[in-house]
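Morning, everyone. Please have the sequence and the model open while I talk.

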Amino acid sequence: MLRWNLQPSPEIGLKTGLNMIATFILRTARAVSLAAAVLLTSGFGSAVMAQSVAAMVNGEAITNFDIDQRIKLTQLTTRKTISRQEALDELINDKLKIKEGKRYGLDMSSSDIDGAYGNMASRMRLNPEQLNKTLEGHGIRPETLKSRIKADMTWGNLVRGRFQSNLLVPEKDLAGFDSGKSDGESFEYLVRPIVLIVPRGSPSSTIEARRKEAELLRNRISSCDEAQELFRSMRDAAIRDQLTKTSADLPPNLRELLDKMPVGKLTPPEVTKQGIEMVALCSRKPTKADTPAKREAREKIYNQKYEAKSKSYLQEIRKGAMIEMRN
């Protein structure tokens, strides 16, 4: 089934790991029962043991409880068990990343972090309270994930901001990525999403009837002007504003469909959460924008540069930091 992804593309190079976190939490999420809540309450262990300081980083404490929490979060998000030393190193790095960000005026507010946390929950089809319960069901405080989010967001913005010119990918590095490839030509598409609304919980017979209606309407349309006139006059239907997409913005199956269909026609109906969706192709023209192959290569090279710069920058900061191990 085709999935229409017509929202603006995210900026390349931001490898914060937050999508990975959301994906793995979603896969392993379970409802929190009363019994689990009781176990959670009793599982945090002795307050004295948990809050004993494992390290000081520029005057800020990292406790054994922090280490326990990072280990649990990593197990949940990657399904791998890291050592206490590895968890401690990650927490030290997070402290340094946040402090370095403040040095350059990057201090993420609580509302910024709550917003990112809420967006993560939304992508998982949860609200923040439900995400809280999911984490707590695995013995993880929500603040543990929020701290990770803060460090990742701060560091990503800092590295991209300070070293923007070093991270640029020159065209000479992309030479040859388009030659000899079937997707070597790039197009710009002007499209308009259309939805025939189906109320949630409708029986399959209603959905199928609406899908057949969409198919009939689709065959009547031969231009975007006709589509606008028809769907704006219909009840329980909507035609959205025009969007501009390039070949590199779209998945291969969708790109192939838009390349083959006549301008002015609609894509086949697709059943989604909103109802029955189609897309009107208003125009298609060649563009000098990146082809899919070139975009992929650009992102790969950018991310390699980002990771290398991030690693060397962090090593430099650690050398000048005051880190005292207590254990």
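What covers the buried residues of α11? The cover includes β3 (187-197), α10 (204-220), β4 (237-239) and β7 (275-286). I will come back to that helix.

Ground rules. This is a predicted model, where local features need pLDDT of at least 70, side-chain atom pairs count only at pLDDT 80 or more, and totals for chains, interfaces and linings use all residues. Residues are numbered from 1 along each chain as its sequence is written, and side-chain values use heavy atoms, with hydrogens and water left out.

Overall picture. The protein has 13 helices and 8 strands. Helices (H or I, at least four residues) and strands (E, at least two) are DSSP runs, numbered from the N terminus. Of its 327 residues, 41% count as buried. Buried means under 20% relative accessible area, exposed means over 50%, and partly exposed is in between, using a 1.4 Å probe and protein chains only. Now contacts, meaning heavy atoms within 4.5 Å. Among those between residues at least 6 apart in sequence, 78% join residues at least 24 apart.

Back to α11, residues 224-233. Its buried residues are C224, A227, L230 and F231. Seen down the axis of α11, they fall within an arc of 125 degrees, so they line one face of the helix. That arc is taken over the directions from the helix axis to the C-beta atoms. The face turned away from the buried side carries the exposed residues D225, E229, R232 and S233.

Next, the cores. A nonpolar core is a set of buried Ala, Val, Leu, Ile, Met, Phe, Trp, Tyr and Cys residues joined through side-chain atoms within 4.5 Å. The largest one has 27 residues. Which residues have the most contacts inside it? They are I62, I67, W155 and Y313. At least two core residues come from each of β1 (53-57), α4 (64-78), α5 (84-103), α8 and α13. The largest share, 7 residues, is from α13. Domain 1 (53-163) and domain 2 (168-181 + 291-316) both give residues to this core, so it lies between them. Those domain bounds come from an automatic or database domain assignment. There is also a second, separate core of 18 residues, which includes A227, L266, I276 and C282.

Zoom in on I67. It sits in helix α4. At 3% relative accessibility, I67 counts as buried. Leaving out residues up to four places away in sequence, I67 touches A54, I62, R84, A87, L88 and L91.

Now the rings. A pair of aromatic rings is described by the distance of the centres and the angle of the planes. Here, rings of Phe, Tyr and Trp (its six-membered ring) pair if their centres lie within 6.5 Å; planes under 30 degrees apart are stacked, over 60 edge-to-face, and the rest tilted. The structure holds 3 aromatic pairs. One of them, W155 with Y313, is stacked, at 4.9 Å centre to centre and 25 degrees between the planes. That pair links distant parts of the chain: W155 is in helix α8 (residues 142-162), Y313 is in helix α13 (residues 292-319), and they are 158 residues apart. W155 is buried at 3% relative accessibility, and Y313 is buried at 3% as well. F187 and Y189 have ring centres 6.4 Å apart and planes at 40 degrees, so that pair is tilted. F187 is buried at 16%, and Y189 is buried at 1%.

W155, F163 and Y313 form one aromatic cluster. Beyond residues up to four places away in sequence, W155 touches K97, Y306, S310, Y313, L314 and I317.

What sits over the ring of F163? The charged end of K309, 4.7 Å from the ring centre. The test is NZ of Lys or CZ of Arg within 6 Å of the ring centre and within 35 degrees of the ring normal. Likewise, K146 lies over the face of Y117, at 4.8 Å from the ring centre.

Last, the backbone. Most residues other than glycine have a negative phi. R125 has a positive phi of about 65 degrees. R125 lies in the loop between α6 (110-123) and α7 (128-136), and it is exposed, at 65%. D236 also has a positive phi, near 55 degrees. D236 is in the loop between α11 and β4, and it is partly exposed, at 48%.
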